[in-house]
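These exercises concern strand pairing, sheet order and helix geometry. Work through each task with the structure open, then read the solution.

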Amino acid sequence: MRRFACGERPGWREIARDAGFAFHTIDGEPYWDESHAYAFTLAEIEDDIEGPSAELHALCLDFAAEAVADERILTSLAIPEPVWDTVRASWHRRDPSLYGRLDFSYGGTGPSKLLEYNADTPTALYETAVFQWLWLEQGLKEGRLPAGSDQFNALHERLIARLAEIAPPGLIAFAADTSGPEDLGTAGYLQDCAVQAGCATILLDLAQIGLRADGAFCGPDEQPFAALFKLYPWEWAFQDAFGSAVAASPTRFLEPPWKMVLSNKGLLAHLWAREPGHPNLLPAFFEADPANATLGNAYVRKPLLSREGANVEIFSDGARVAGANGPYGADGFIRQGLAELPCFDGRRPLLGAWIVGDAPAGLCIRESDGPITGDGALFVPHLIEPG
């Protein structure tokens, strides 16, 4: 694994505009950065990222099967008791999952270490599947990238195939906060994938979702949704006015309610308890667990529910050395062994391995200048070196 300068494509912003990548710059700050990229060997991708991703996802599914049947586990994850039956029913129906993203610390040596599983509402989807692939194709055509380079990226094709496989007959809705360019871009991209999969679709704002008398969720015209993709966390959705209607609704959801079990940092503590010493896991414990003492003076404190690094704190030699403010933490915390993000030229990459259905499908890299990857992190493309 190495970081290398490759230079920006002339006119790449116009290329982005024509490709529909409207959020390459957010609030005047860069988000996409192609002045440099990361290169991997094929063995690094297959052995250290793709293989562990498949294995860890399978472990997560095994845990979900146990969790939905164990009230103690659901309580430890701060899942409210009134929604336990909804989560269980979703799992027992085998409501299908569309996608998720496993985030790793990895620098080319030693096993990759799982930092968290974004199992419910991960973004960075379009830029991974489409725009970074376009960057590779154009770089190869223009001779700016090494001939024969490849990319760990079957995301676009896998999403279309998965939607064709799991979409029920009827209207498939894609909803997000349309005032947020990144959220709108993610939902709009998935809608496009669904259209390519042969689905009837609608894109709408979260505030436009309604509820029919028969319990189906719908849009302003009251046409029922057969399925609803919502870029809105389940822990928020169940607190809203329509949350109590989910259990009896004929509408199915992407992601399904059972993904609450995996989109929670408490998952990390449970995985470690099930698989202590696993090479791709870090020791992790709920904050009240006396076993936290085994972490020593270096660890990361994470809220059970958190996004974009908010309220994450890093401790080293017993002192807080980094932290990010945010609104999370009321539901509790875990402590996780410290696996610092590697440093390349003063920058720290976080690797996101995509899962579509139950199979690894691609890689994205978010790069920051500090040890916590926040919402200001840059998206940087990657390639697999020839040979």
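**Exercise 1.** Find the residue of β17 that is the bridge partner of Ala284, then describe the pairing around it.

*Solution.* Step 1: the bridge partner of Ala284 in β17 is Gln336. The model is predicted.
Step 1: β13 and β17 (residues 333–337) are antiparallel and are joined by 3 bridges.
Step 2: helix α9 (residues 266–274) lies across both β13 and β17, and runs at about 120 degrees to β13.

**Exercise 2.** Give the strand order of the open sheet that contains β13, and name its edge strands.

*Solution.* Step 1: the order of the 5 strands is β13-β17-β14-β15-β16, and the pairing is antiparallel.
Step 1: β13 (284–286) and β16 are the edge strands, since each pairs on one side only.
Step 2: on average, neighbouring strands here are turned by 25 degrees against each other, with direction ignored.

**Exercise 3.** Trace the bridge partners from Arg301 through β15 to β16.

*Solution.* Step 1: Arg301 has Glu313 of β15 as its bridge partner. The strands involved, β14 (residues 299–303) and β15 (residues 313–316), are antiparallel with 3 bridges.
Step 1: Glu313 in turn has Gly323 of β16 as its partner. β15 pairs with β16 (residues 319–323) over 4 bridges, again in the antiparallel sense.
Step 2: the hairpin formed by β15 and β16 has 2 residues between the strands, and Asp317 in the turn has a positive phi of about 55 degrees.

**Exercise 4.** Describe the open sheet that contains β18, and identify the helix that packs on it.

*Solution.* Step 1: this sheet has 5 strands in the order β6-β5-β18-β19-β20, with antiparallel pairing.
Step 1: neighbouring strands are turned by 35 degrees against each other on average, direction ignored.
Step 2: β18 (residues 348–356) and β19 (residues 359–368) are antiparallel and joined by 9 bridges. Val356 is opposite Ala359 of β19.
Step 3: helix α6 (residues 155–166) packs on the sheet and touches β5 (99–105), β18 and β19; the direction of α6 makes about 30 degrees with that of β18.

**Exercise 5.** Check the span of helix α7 against its number of residues, and list its buried residues.

*Solution.* Step 1: α7 (residues 181–196) has 16 residues, so at 1.5 Å a residue the helix should span 22 Å.
Step 1: the end C-alpha atoms are 22 Å apart, which agrees.
Step 2: with buried taken as under 20% relative accessible area, the buried residues of α7 are Glu182, Gly185, Thr186, Ala187, Tyr189, Leu190, Gln191, Cys193 and Ala194.
Step 3: Gly198, which follows α7, has a positive phi near 90 degrees.

Key:
Residues are numbered from 1 along each chain as its sequence is written. This is a predicted model: local features need pLDDT of at least 70, side-chain atom pairs count only at pLDDT 80 or more; totals for chains, interfaces and linings use all residues. Side-chain values use heavy atoms; hydrogens and water are left out. The expected span of a helix is 1.5 Å times one less than its number of residues. Buried means under 20% relative accessible area, exposed over 50%, partly exposed in between (1.4 Å probe, protein chains only). Two strands pair if DSSP finds at least two bridges between them. Axes are lines fitted to C-alpha atoms, for helices over the stretch in contact, and angles run from 0 to 180 degrees between N-to-C directions. Contact means heavy atoms within 4.5 Å.
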